[in-house]
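Keep the sequence and the structure in view while reading.

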Amino acid sequence: MITIKKHVEGLFSDIPVTDESLFMKEEILRGLEDKVDVLIANGKSEEDAINKAIVELGDLTDLRMELAEHRVKPPKSYLAWTHFQFSLVGAALIIGLLLFINIYYTPTVLWVVFPAFAIVWWPLAMYFRCLRVQGEVMN
């Protein structure tokens with residue numbers, strides 16, 4: 001019966017844990033165990049009974065898709081602000097790298113200012129995207 005439990009766990013591995021998914025998982029597990037008991041009572045070996053029950057269960061693609069639809073998605077505004085934070089950190093790292101290269105190779109010329117202006121557009125664009133998404137959510 002451990003084989004059946006592992007098979008059912010594998011089927012539900014990428015499905016979010018909800019009351020509905022736990023209930024369906026238990027129902028499928030109970031049904032497979034009952035089927036194996038019936039097949040063993042009819043003279044099959046335990047291994048053959050387990051394999052036959054798993055094969056007869058078939059593909060649960062529709063059920064898995066239905067249960068996966070209930071996955072909680074983060075709101076758009078949260079994702080937009082996360083992208084903004086990522087752009088801030090990324091821009092800071094790029095400007096820091098360019099500043100290091102500037103100071104290390106050409107300490108007498110401060111050329112890092114010019115690419116820094118171009119790099120700052122990335123977080124600025126993401127900030128205005130956040131404001132737009134937040135406005136859409138409010139309406």
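Not counting residues up to four places away in sequence, Ile119 touches Ala91, Ile94, Ile95 and Leu98, where contact means heavy atoms within 4.5 Å. This is a predicted model, in which local features need pLDDT of at least 70 and side-chain atom pairs count only at pLDDT 80 or more, while totals for chains, interfaces and linings use all residues. Residues are numbered from 1 along each chain as its sequence is written, and side-chain values use heavy atoms, with hydrogens and water left out.

Ile119 lies in helix α6 (residues 113–138); helices are DSSP runs (H or I, at least four residues), numbered from the N terminus. Between the C-alpha atoms of Ile119 and Leu39, which are 80 residues apart along the chain, the separation is 68 Å.

**Helix pairs**

Two pairs of helices are set side by side below. Axes are lines fitted to C-alpha atoms over the stretch in contact, and angles run from 0 to 180 degrees between N-to-C directions.

| Pair | Angle | Axis separation |
|---|---|---|
| α1 and α2 | about 150° | 10 Å |
| α2 and α3 | about 135° | 9 Å |

α1 and α2 are therefore roughly antiparallel, whereas α2 is oblique to α3. Angles under 35 degrees count as roughly parallel, over 145 as roughly antiparallel, 65 to 115 as roughly perpendicular and the rest as oblique.

Ile4, Lys5, Val8 and Glu9 of α1 meet α2 at Lys25, Ile28, Leu29, Leu32, Glu33 and Val36. Ala, Val, Leu, Ile, Met, Phe, Trp, Tyr, Cys and Pro count as nonpolar, Asp, Glu, Lys and Arg as charged, and the others, Gly among them, as polar. On the other contact, α2 uses residues including Leu39 and Ile40, and α3 uses residues including Ala49 and Ile50. There the division is 10 nonpolar, no polar and four charged.

**Nonpolar cores**

A nonpolar core is a set of buried Ala, Val, Leu, Ile, Met, Phe, Trp, Tyr and Cys residues joined through side-chain atoms within 4.5 Å. The largest one has 16 residues, and Ile4, Val8, Phe12, Ile28, Leu32 and Val36 have the most contacts inside it. α1 (2–11), α2 (19–41) and α3 (46–57) each give two or more residues to this core, and α2 gives the most, with five.

Notes
Buried means under 20% relative accessible area, exposed over 50%, partly exposed in between (1.4 Å probe, protein chains only).
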